[in-house]
Amino acid sequence: MEWSINRGSHVCSLCEKTFPEEEVYLSALYDENNEFLRRDFCVDCWEKRDSENSFSYWKTKISKKPEKVEKYAKIDVFYDLFNKLENEEDLSRINFRYVLSLYLMRKKVLKLKSSRKSNENEYLVLHNVKEDNDTEVLKPKLNAEEVLAVTDEIGKLVNYTPQVIPDNAS
Ligand SMILES: [Zn+2]
């Protein structure tokens, strides 16, 4: 399980300018009708964005060619998401948070302390190494395939999906 942020010819979702090499741009996840959507912004447009439903964001720098295509996503992005999903009751969000916790455990940001059962639900008690406190994660009844599907969904959000841009677009 490894999520990555691609470098590529990203485009600002507001002014539609293509980010040149070495440009720093910002990406935000939006919570729209209980679905996460990713949008990229140039620095100039960042302040003009609709920040109301903005859920989580991160910065990326377009690397110089011909560097490696992929750069692993910053753990901070997932850590931030994990924290913000703490009180979500929607099942897909609970699944999302559980998969994030698996990733953060692998990255040693969270450590499994114990588990407990309550009303037929199983909770993982995790120690947050960074903030030295404990947090609980509801363990959904997911099989390995379903965990992979959620992993894939998260991966798609942080990855850049190539867009077809006409040659003379301006
Ligand atoms: Zn822009």
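Predicted model: local features only at pLDDT ≥ 70, side-chain atom pairs only at ≥ 80, totals over all residues.
1. Start with the helix itself. H3 covers residues 91-106. It has 16 residues and reaches 23 Å from its first C-alpha to its last. That is close to the 22 Å expected at 1.5 Å a residue. H3 is followed by lysine 108, whose phi is positive, near 60 degrees.

2. Which residues of H3 are buried? They are Phe96, Arg97, Val99, Leu100, Ser101, Tyr103 and Leu104. Their cover includes helix H2, strands E6 (110-118), E7 (121-128) and E8 (133-139), and helix H4 (144-158). An α-helix has 3.6 residues a turn, so residues three or four places apart point the same way.

3. Now take H2, residues 75-84. H2 and H3 pack at an angle of about 140 degrees, with their axes 10 Å apart. That angle makes H2 oblique to H3. The crossing of H2 past H3 is left-handed.

4. The H2 side of this contact is Phe78, Tyr79, Leu81 and Phe82. They meet Arg97, Leu100, Ser101, Tyr103 and Leu104 in H3. By class, the contact has seven nonpolar residues, one polar and one charged.

5. H4 packs on H3 at another angle, about 90 degrees. Here the axes are 9 Å apart. Angles of 65 to 115 degrees count as roughly perpendicular, so H3 and H4 are roughly perpendicular to each other.

6. What makes the contact of H3 with H4? H3 gives Asn95, Phe96 and Val99. H4 gives Val147, Val150, Thr151 and Ile154. Five of these residues are nonpolar and two are polar, with no charged residues.

Notes. Residues numbered from 1 in each chain as written. Axes fitted to C-alpha atoms, helices over the stretch in contact; angles between N-to-C directions. Helix = DSSP H or I, 4+ residues; strand = E, 2+ residues; numbered from the N terminus. Parallel < 35°, antiparallel > 145°, perpendicular 65-115°, else oblique. Left-handed = near helix turned anticlockwise from the far one by under 90°. Contact = placed C-beta atoms within 7 Å. Nonpolar A, V, L, I, M, F, W, Y, C, P; charged D, E, K, R; others polar. Expected span 1.5 Å × (residues − 1). Buried ≥ 20, exposed ≤ 12 C-beta atoms within 10 Å, placed from the backbone.
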